[in-house]
Amino acid sequence: MSAIFNFQSLLTVILLLICTCAYIRSLAPSVLDRNKTGLLGIFWKCARIGERKSPYVAVCCVVMAFSILFIQ
């Protein structure tokens with residue numbers, strides 16, 4: 001089943017996107033900072049969410065990992 005049609009898979013993909021963008025921005029900020037608008041601006045926005053809401057994102061990642069490992 002595609003990740004678009006399964007809600008838990010969609011949340012997992014979104015969390016991975018946020019974490020990956022925040023990590024890439026911490027290593028090379030110029031890669032994401034030059035594309036703040038347009039279609040590639042989504043990655044910059046995900047990086048900002050990962051930076052500013054990092055405690056909440058971390059809790060969501062732990063909860064998602066727990067649910068994938070032990071509930072499914």
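Student: What percentage of the 72 residues in the protein do buried residues make up? And please take helix 1 as the part to examine.

Tutor: Buried residues make up 21% of the 72 residues. Keep in mind that this is a predicted model. Start with the setting. The protein has four helices and zero strands. From the N terminus on, the order is α-α-α-α. Its C-alpha atoms fill a box of roughly 40 × 25 × 15 Å along the principal axes. Among contacts between residues at least 6 apart in sequence, 57% join residues at least 24 apart.

Now helix 1, residues 7-27. With 21 residues at 1.5 Å a residue, helix 1 should span 30 Å. Its end C-alpha atoms lie 31 Å apart, which agrees.

Which residues of helix 1 are buried? They are Thr12, Leu15, Ile18, Cys21, Ala22 and Arg25. An α-helix has 3.6 residues a turn, so residues three or four places apart point the same way. The buried residues of helix 1 pack against helix 2 (29-33), helix 3 and helix 4.

Next, the core. The largest nonpolar core has eight residues: Leu15, Ile18, Cys21, Leu32, Cys46, Ala47, Val57 and Met64. Helix 1, helix 3 (41-52) and helix 4 (54-71) each give two or more residues to this core. Helix 1 gives the most, with three.

Met64 is one of the core residues. Setting aside residues up to four places away in sequence, Met64 touches Gln8, Leu11, Thr12 and Leu15. UniProt, in an unreviewed entry, places a "transmembrane region" at residues 54-71. In the model, that stretch is 100% helix and 0% strand. Its end C-alpha atoms are 25 Å apart.

Finish with Arg25, which also lies in helix 1. Is Arg25 buried or exposed? The cut-off for buried is under 20% relative accessible area. Arg25 has 17%, so Arg25 counts as buried. Its side chain makes a polar contact of 2.9 Å with the side chain of Asp33. Beyond its neighbours within four places in sequence, Arg25 is in contact with Leu32, Asp33, Trp44, Ala47, Arg48 and Glu51. Two of these contacts, Leu32 and Ala47, are members of the largest nonpolar core.

Conventions
Residues numbered from 1 in each chain as written. Predicted model: local features only at pLDDT ≥ 70, side-chain atom pairs only at ≥ 80, totals over all residues. Heavy atoms only, no water. UniProt positions renumbered as here; feature names shortened; annotations may be inferred. Core = buried A, V, L, I, M, F, W, Y, C linked by side-chain atoms within 4.5 Å. Buried < 20%, exposed > 50% of the residue type's maximum accessible area, 1.4 Å probe, protein only. Contact = heavy atoms within 4.5 Å. Polar contact = N/O pair within 3.5 Å; in protein donor to acceptor, adjacent residues only side chain to side chain. Expected span 1.5 Å × (residues − 1).
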